[in-house]
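Colleague: I have a new structure to look at. Take me through its helices and a few loop residues, please.

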Amino acid sequence: MRNGVDIWTRYGWTGDVAPIDKSGEPVFGYNIQRRTLDPILRRLTTNTPGVTTLFGCGVRALAKRNGVVCGVELGGCRTDLVSAPLIVGADGRNSPLATLAGSKPVYSENSRFGAIRAYRGVALRRGTCSQMWLRGPETGYVFPNDGGITVIAYMATKDRLDGFRINPGEALERSMAGFPDAPDLSTAEPLGNTLLVKDYPNLWRRPVVGNIALVGDALMSVDPLWGVGCGFAFQTAEWLVDTLAPGLQQGRPIAPALQSYAKRVSRELNGHRFFILDYARRRGFNAIERLNFSAAAKDVASSRHLHTFGARLIGPARFLAPRALLRAAWVDLRRPAAPSAQPHAPV
Ligand SMILES: Cc1cc2nc3c(=O)[nH]c(=O)nc-3n(C[C@H](O)[C@H](O)[C@H](O)COP(=O)(O)OP(=O)(O)OC[C@H]3O[C@@H](n4cnc5c(N)ncnc54)[C@H](O)[C@@H]3O)c2cc1C
């Protein structure tokens with residue numbers, strides 16, 4: 001489903017205000033089930049000319065010649081050696097390939113746990129856009145998906161985890177019911193058990209080790225609170241291809257292109273990662289976040305600016321540019337509180 005997001009804080013709803021791209025068109029994302037997305041990707045890959053797919057096997061070891069990695073050894077239903085001048089680790093958060101290459105992740109604390117469950121027949125109260133609540137240490141989500149499925153998720157600081165251990169489904173529904181305008185889940189049909197993610201520390205690795213490049217979660221897997229997982233996976237894969245393709249097609253050495261890829265990852269993602277990691281340690285908003293969410297609840301332009309940052313179309317430098325902050329401060333002082341505001345709710 002094409003999607004934007006409407007966010008509630010104690011300042012009220014920001015509205016589902018779409019960012020605008022360079023050609024003046026509104027930008028949207030997608031909510032899509034993995035059971036829908038993954039087969040599409042698999043089909044796209046297997047039908048791409050020049051691609052050989054080997055299912056039922058995986059990388060077991062790195063092959064080396066004169067100390068340089070020159071391919072991978074397979075394990076599983078095939079045990080061949082695959083020679084390659086370049087190896088891409090798109091093998092997820094625990095990245096066996098990065099481990100084989102001796103690249104250790106850097107970790108940082110995530111103070112929140114999460115509970116997540118899919119439902120059918122959720123009576124949505126704010127349309128089919130995604131809805132998110134940020135209320136002090138608590139965060140709630142409603143994600144309408146394809147196939148009439150709605151994914152409900154809740155995160156909170158770990159001091160509340162004990163309340164979820166015995167019956168996570170009941171605790172999830174009770175917690176969601178406390179948010180303003182949340183859908184009534186008592187009439188919806190739960191699909192499967194509630195997944196309780198007790199700890200999900202942030203981790204990231206160097207983008208390039210020798211002739212091995214990492215993309216997606218293998219490169220960086222951070223707090224899911226801001227929903228960047230699949231987006232960053234697609235984005236880093238695209239950057240790698242864009243950087244490498246011209247040189248590979250012309251038979252040039254790959255090392256300079258890999259260095260360009262590493263630099264681009266740092267330039268484009270380090271700022272976002274800093275903010276995500278910082279919030280993962282905290283129980284609520286800092287002064288800048290209060291200002292921006294308060295202005296966004298009162299003013300469409302401020303809301304669009306916030307959504308443009310949330311969609312990662314701009315980085316922290318543009319998000320926090322003096323002009324944008326001045327506008328937010330002006331809006332905050334001059335405009336009345338939004339009708340959906342709850343001034344005494346935690347922030
Ligand atoms: C509970 C939960 C909820 C999430 N919700 C969201 C969400 O709502 N939105 C969002 O954007 N992100 C979400 N994420 C994050 C998202 O799942 C990841 O960011 C995304 O899947 C990363 O894609 P990837 O291709 O890098 O890694 P993965 O999806 O982990 O894929 C890695 C692949 O590598 C394969 N592999 C592993 N080892 C080997 C080997 N040795 N040889 C060959 N292949 C190997 C694996 O089998 C797997 O297929 C969620 C994560 C969790 C855990």
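**Helices and loops**

Modeller: Helix H7 and helix H10 (residues 322-334) pack at an angle of about 60°, and their axes are 8 Å apart. This is a predicted model, in which local features need pLDDT of at least 70 and side-chain atom pairs count only at pLDDT 80 or more, while totals for chains, interfaces and linings use all residues. Residues are numbered from 1 along each chain as its sequence is written.

Colleague: What do H and S stand for?

Modeller: Helices (H or I, at least four residues) and strands (E, at least two) are DSSP runs, numbered from the N terminus. The axes are lines fitted to C-alpha atoms, for helices over the stretch in contact, and angles run from 0 to 180 degrees between N-to-C directions.

Colleague: And how is H7 oriented relative to H10?

Modeller: H7 is oblique to H10. Angles under 35 degrees count as roughly parallel, over 145 as roughly antiparallel, 65 to 115 as roughly perpendicular and the rest as oblique. H7 passes H10 in a left-handed crossing. A crossing is left-handed if the near helix is turned anticlockwise from the far one by less than a right angle, and right-handed if clockwise.

Colleague: Which residues of H7 and H10 meet?

Modeller: On the H7 side they are Leu-291, Asn-292, Ser-294, Ala-295 and Lys-298, and on the H10 side Ala-328, Ala-329, Val-331 and Asp-332. Two residues are in contact if their C-beta atoms, placed from the backbone, lie within 7 Å.

Colleague: At what angle do H7 and H8 cross?

Modeller: Roughly 130°, and the axes of H7 (residues 287-298) and H8 (residues 300-310) come within 6 Å. That makes H7 oblique to H8. Their contact is made by Asn-292, Ala-295 and Ala-296 of H7 with Ser-302, Ser-303 and Leu-306 of H8. The crossing of H7 and H8 is left-handed.

Colleague: Next topic. How many residues does H5 have?

Modeller: H5 (residues 229-249) has 21 residues and reaches 30 Å from its first C-alpha to its last, close to the 30 Å expected at 1.5 Å a residue. The expected span is 1.5 Å times one less than the number of residues.

Colleague: Where does H5 bend?

Modeller: At Thr-243, by about 30°, and a proline, Pro-246, follows within four residues. The bend is the angle between axes fitted to the seven residues ending at a position and the seven starting there. After H5 comes Gly-251, with a positive phi near 70°.

Colleague: Which residues of H5 are buried?

Modeller: Phe-232, Thr-236, Leu-240 and Thr-243. A residue is buried if 20 or more other C-beta atoms lie within 10 Å of its own, exposed if 12 or fewer, and partly exposed in between; C-beta atoms are placed from the backbone. An α-helix has 3.6 residues a turn, so residues three or four places apart point the same way.

Colleague: What covers the buried residues of H5?

Modeller: The cover includes strands S8 (87-89), S17 (212-214) and S18 (220-221), and helix H6 (255-281).

Colleague: How do H5 and H6 cross?

Modeller: Their axes come within 9 Å and cross at roughly 155°. That makes H5 roughly antiparallel to H6. Among the contact residues are Thr-236, Trp-239 and Leu-240 of H5, and Ala-257, Ser-260 and Tyr-261 of H6. The crossing of H5 past H6 is right-handed.

Colleague: How far apart are the end C-alpha atoms of H6?

Modeller: They are 37 Å apart, which agrees with the 39 Å that its 27 residues should span at 1.5 Å a residue. H6 bends by about 45° at Leu-269, and Leu-269 is also one of its buried residues.

Colleague: Now the loops. Where does Asn-66 lie?

Modeller: Asn-66 is in the loop between strand S5 (57-65) and strand S6 (68-76). Its phi is positive, about 50°, although Asn-66 is not a glycine.

Colleague: Does Asn-66 count as buried or exposed?

Modeller: Exposed, because it has 5 C-beta neighbours inside 10 Å. Asp-181, in the loop between H4 and S14, also has a positive phi, near 65°. Asp-181 is partly exposed, with 14 other C-beta atoms within 10 Å.

Colleague: Last one. What does Tyr-107 touch?

Modeller: Pro-201, Asn-202 and Leu-203, not counting residues up to four places away in sequence. Tyr-107 is placed in strand S9 (residues 106-108) and is exposed, with 10 other C-beta atoms within 10 Å.
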